[in-house]
Amino acid sequence: MRSPFFGLSDETIFSLKYEPTRSGEIRTLLDTITQSPPEFIPTEQQQQVRHAGRVLTELRSQKDRWPLVRLFQYLLDQTGYDASLLHEFMGGVKLPT
């Protein structure tokens, strides 16, 4: 969640994981990522949470239908991970040709 795939901050991940529900129970990270993010986290992070929820929901729904290569390609296409590699040290070398 914190990686270049989704770019969530530690604070956001902590908030999602440990924000108790009205009944006092703590939800799983997957439960929270697929629901509306809390309003107290920054707007940009709310957008990232929604995006992560959409991508992970699609991956989970297709995991038994798509070959592994297609799952990874979908993840790369939806997250722009390859573009984030370009900003790393020797990023161009890390990209597949």
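Modeller: Of the 97 residues in the protein chain, 29% count as buried. This is a predicted model, where local features need pLDDT of at least 70 and side-chain atom pairs count only at pLDDT 80 or more, while totals for chains, interfaces and linings use all residues. Residues are numbered from 1 along each chain as its sequence is written, and side-chain values use heavy atoms, with hydrogens and water left out.

Colleague: Why is L16 called buried?

Modeller: Buried means under 20% relative accessible area, exposed means over 50%, and partly exposed is in between (1.4 Å probe, protein chains only). L16 has 1% relative accessibility, so L16 counts as buried. S15 is buried too, with a relative accessible area of 17%.

Colleague: And what makes I26 partly exposed?

Modeller: The relative accessible area of I26 is 48%, so I26 counts as partly exposed. You'll find I26 in the loop between α1 and α2.

Colleague: What are the elements of the chain, and how do you know that something is a helix?

Modeller: Helices are DSSP runs of H or I with at least four residues, strands are runs of E with at least two, and both are numbered from the N terminus. The protein chain has six helices and zero strands, so from the N terminus on the order reads α-α-α-α-α-α.

Colleague: Which residues of α1 are buried, and how do you know that they sit on the same side?

Modeller: Helix α1 covers residues 10-18, and T12, I13, S15 and L16 are buried there. They cover an arc of only 160 degrees around the axis, which puts them on the same side of α1. That arc is taken from the directions from the helix axis to the C-beta atoms. On the other side of α1, E11 and F14 are exposed.

Colleague: What covers the buried residues of α1?

Modeller: The cover includes α2 (29-33) and α3 (43-62). Contact here means heavy atoms within 4.5 Å. Not counting residues up to four places away in sequence, L16 touches L8, L29, T32, I33, P38 and V49. With its neighbours within four places left aside, S15 is in contact with F40 and I41.

Colleague: Why is the pair D10 and R2 called a salt bridge?

Modeller: A salt bridge is a side-chain nitrogen of Lys or Arg within 4 Å of a carboxyl oxygen of Asp or Glu. For D10 and R2 the N to O distance is 3.1 Å, so the pair is a salt bridge. Side chains of opposite charge can pair when their charged atoms come close. D10 counts as partly exposed at 44% relative accessibility, whereas R2 is exposed at 58%.

Colleague: How many salt bridges does the structure hold?

Modeller: Two. K63 also forms one with D64, with the closest N and O atoms 3.1 Å apart. K63 is partly exposed, at 46%, and D64 counts as exposed at 67% relative accessibility.
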